[in-house]
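Dear colleague,

I am passing the structure on to you below, followed by some notes on what was found in it. Please read the notes with the model open beside them.

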Amino acid sequence: MTTLDLSTDVVSLTRALVDIESVSRGEQQIADAVEEALRALPHLSVVRHGHTVVARTDLGRAERVVLAGHLDTVPVHDNLPSRLDEATGLLHGLGTCDMKGGDAVILRLAATVPEPVRDVTYVLYEAEEIDEVFNGLRHLTEVAPELLEADFAILMEPSNAVVEAGCQGTLRVEVRATGERAHSARSWKGVNAIHQAAPVLERLRAYEARRPVIDGLEYHEGLNAVGIRGGVAGNVLPDECVVEVNHRFAPDRSAEEAEAFVRGVFEGFEVTLTDLGPAALPGLDRPAAAAFVAAVGGQVNPKFGWTDVARFTALGVPAVNYGPGDPLLAHKAEEHVPVEQVRHCEERLAAWLRGEEATS
């Protein structure tokens, strides 16, 4: 079994994690190594569910925070093992950005901050990159939600080492227009479903995005066609046309409210919900959140994409995204992370957990 040395520097630890291949559903080796390393720390209690490892302090502090990161990656694409470019300060390799740099920060904090001013729950979980049914964080919310109880949570998704608060929700629907088949040579004998779908596209064109401000952050909603299908043959009028629509909604709306809004937009059409992920409130008014933002530099951006922070909001725990790496590099063959961002995240989070005054 691979052994992780948590006393090493955070960049070397990132490399060690990257070099353990852990494509989704193949996380046993990395989870074994993480569990062994954390169980060696006497100030933590450690439990494991599948290939998800949870380590907790129990110091009786007034607040508890969660630091979470997923252990899995997308499939290998000629980007292992890791490679450090000293000239550019970039660490290349699968998972460097998404999100083993963040995982290394979590492990270093677990090892080097034995008496934080806030109790901490460290969660390193499996299967984030594939279907939700396999997601380790989801499994924890179902079988042991008490392990995720906290006042505040940080998901160490790549965010260029800047806080991205909460996340917008996402839903997809199929909007169906119907008609009547006919031979195209006698088109007046039928009803062309593709033509009947024109009002769906017009309503999308006329949509004006809502831009609510929450905790001082402006979110920007979206309603877009992301797919369209219809047609039977080159000489047949189609009797069905389906427009797939994606709605990104701000965290001041519940999933039910967002669904009701979309159904209202397409009133008169058959609307089928196919996917739904709730939004997550930023919760920047919480004391732990305010102290965290100050400790990591004060800059906060809204998170427009959906992340697992929404699972914490569903449990009543406000959450933010904060981690090293550019999210635009996630899943790319040329994935890399600036080593200074990894070091920066470790330093700032360590100071926050120790209760030290924020520095510029």
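Contact here means heavy atoms within 4.5 Å, and helices (H or I, at least four residues) and strands (E, at least two) are DSSP runs, numbered from the N terminus. This is a predicted model, in which local features need pLDDT of at least 70 and side-chain atom pairs count only at pLDDT 80 or more, while totals for chains, interfaces and linings use all residues. Residues are numbered from 1 along each chain as its sequence is written, and side-chain values use heavy atoms, with hydrogens and water left out.

In the packing of helix 1 on helix 3, V10, L13, T14, L17 and V18 of helix 1 meet T96, K100, G101, D103, A104, V105, L107 and R108 of helix 3. Helix 1 (residues 10-18) and helix 3 (residues 96-112) pack at about 125°, with their axes 8 Å apart; axes are lines fitted to C-alpha atoms, for helices over the stretch in contact, and angles run from 0 to 180 degrees between N-to-C directions.

Turning to strand 4 (residues 83-85), R83 lies in this strand and is partly exposed, with a relative accessible area of 46% (buried means under 20%, exposed over 50%, partly exposed in between, with a 1.4 Å probe and protein chains only). Not counting residues up to four places away in sequence, R83 touches R15, L90, L91 and H92, and its C-alpha atom is separated by 6.4 Å from that of G93, ten residues apart along the chain.

Finally, the buried residues of helix 10 include V342, C345, L349 and W352, and just after helix 10, G355 takes a positive phi of about 80°.
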